[in-house]
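Me: I have a structure to go through with you. Let's take it in short questions and answers.

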Amino acid sequence: MELFEERSGDGTPTGTIVERGVAHSEGRCHGTAHIWIARANEKSGCEVLLQKRSAWKDSNPGCYDISSAGHLSAGDTYLEGALREIGEELGIHAEAEELRDLGLLEKVSHGVFYGKPFHDHEVSAVYLYTKPVEAEKLHLQESEVEAVRWMDLKECQKAVREGSIPNCIDIRELEMIEKAWFAGEKTKDEAEKEAAATAEK
């Protein structure tokens, strides 16, 4: 039995413990850790590692998702949950200082899986991991992850917005990655827009 600690909208623990099934059937707010793995590429400058969720998952089976993610067990901090999940799902033994904290994100979603209503209310800590990763050498947790693939960040944003790949990715997280990755420099889109605006004057 998985036990979660209910949280307020800003991620603060309330002290109330709920079982996983109850949290999802009643939409109780709980914490999750989201770890994005990214590396430089020549196309847009950045690409991210996507995981394909196992066909046996209780929600969004077979969909592309965050590199590694999971619920916080009761008593966990966000960082503890993040380090555990990236280790369990991908076999990466990361150190705390290797995870860049991009901030908290609240998300509410509703769906039906296996004939049962699924109400998800999460406050997620989003992390960025940029140490070298060889996808083909990862040790995938079969019960959670079916496969992984690299995808250009811009192409991933477009695919999520258009729904051209099965996914359960929050576009806001990809925007957080873009902002962090290109901090201090203009993104390709920003440069093009600025050039167009200058040309119109």
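Me: The charged end of Arg7 sits over which ring?
Reply: A caution to begin with: this is a predicted model. The charged end of Arg7 lies 4.8 Å from the centre of the ring in question. A charge counts as sitting over a ring if it is within 6 Å of the ring centre and within 35 degrees of the ring normal. The ring under Arg7 is that of Tyr78.

Me: And Arg149, over the face of which residue does that lie?
Reply: Here the distance to the ring centre is 5.2 Å.

Me: How many aromatic pairs does a search of the whole structure find, and what is the geometry of Phe113 and Phe118?
Reply: The search finds one aromatic pair. The ring centres of Phe113 and Phe118 are 5.6 Å apart, and their planes meet at 85°. Planes over 60 degrees apart count as edge-to-face. So the pair of Phe113 and Phe118 is edge-to-face.

Me: Are Phe113 and Phe118 buried or exposed?
Reply: Buried requires under 20% relative accessible area. Both Phe113 and Phe118 are buried.

Me: Which residue of β8 is the bridge partner of Gly31, and which of Glu106?
Reply: Strand β3 (residues 29-39) runs parallel to β8, with nine bridges joining them. Strand β7 (residues 99-113) pairs with β8 in the antiparallel sense, over 14 bridges. Gly31 has Val123 as its partner in β8. For Glu106 the partner in β8 is again Val123.

Me: How many of the 14 residues of β8 are buried?
Reply: Strand β8 covers residues 116-129. It is largely enclosed by the rest of the structure, because its buried residues number 11 of the 14.

Me: In the hairpin of β7 and β8, which residue takes a positive phi?
Reply: Two residues lie between the strands. The phi in question is near 55°. The residue is Tyr114.

Me: Within what arc do the buried residues of α3 fall?
Reply: Helix α3 spans residues 153-162, and its buried residues are Leu153, Cys156, Gln157, Ala159 and Val160. Seen down the axis, they line one face of the helix, because they fall within an arc of 165°.

Me: Which exposed residues are on the face of α3 turned away from its buried side?
Reply: The buried residues of α3 are covered by elements including β4 (47-53), β9 (145-152) and α4 (171-181). The face turned away carries Arg161 and Glu162.

Me: At the start of α3, which backbone nitrogen does Asp152 reach?
Reply: A side-chain oxygen of Asp152 makes the approach, to within 3.1 Å. The backbone nitrogen belongs to Lys154.

Notes
Residues numbered from 1 in each chain as written. Predicted model: local features only at pLDDT ≥ 70, side-chain atom pairs only at ≥ 80, totals over all residues. Heavy atoms only, no water. Buried < 20%, exposed > 50% of the residue type's maximum accessible area, 1.4 Å probe, protein only. Helix = DSSP H or I, 4+ residues; strand = E, 2+ residues; numbered from the N terminus. Arc of directions from axis to C-beta. Contact = heavy atoms within 4.5 Å. Polar contact = N/O pair within 3.5 Å; in protein donor to acceptor, adjacent residues only side chain to side chain. Pairing = 2+ DSSP bridges. Phe/Tyr/Trp six-rings, centres within 6.5 Å; stacked < 30°, edge-to-face > 60°.
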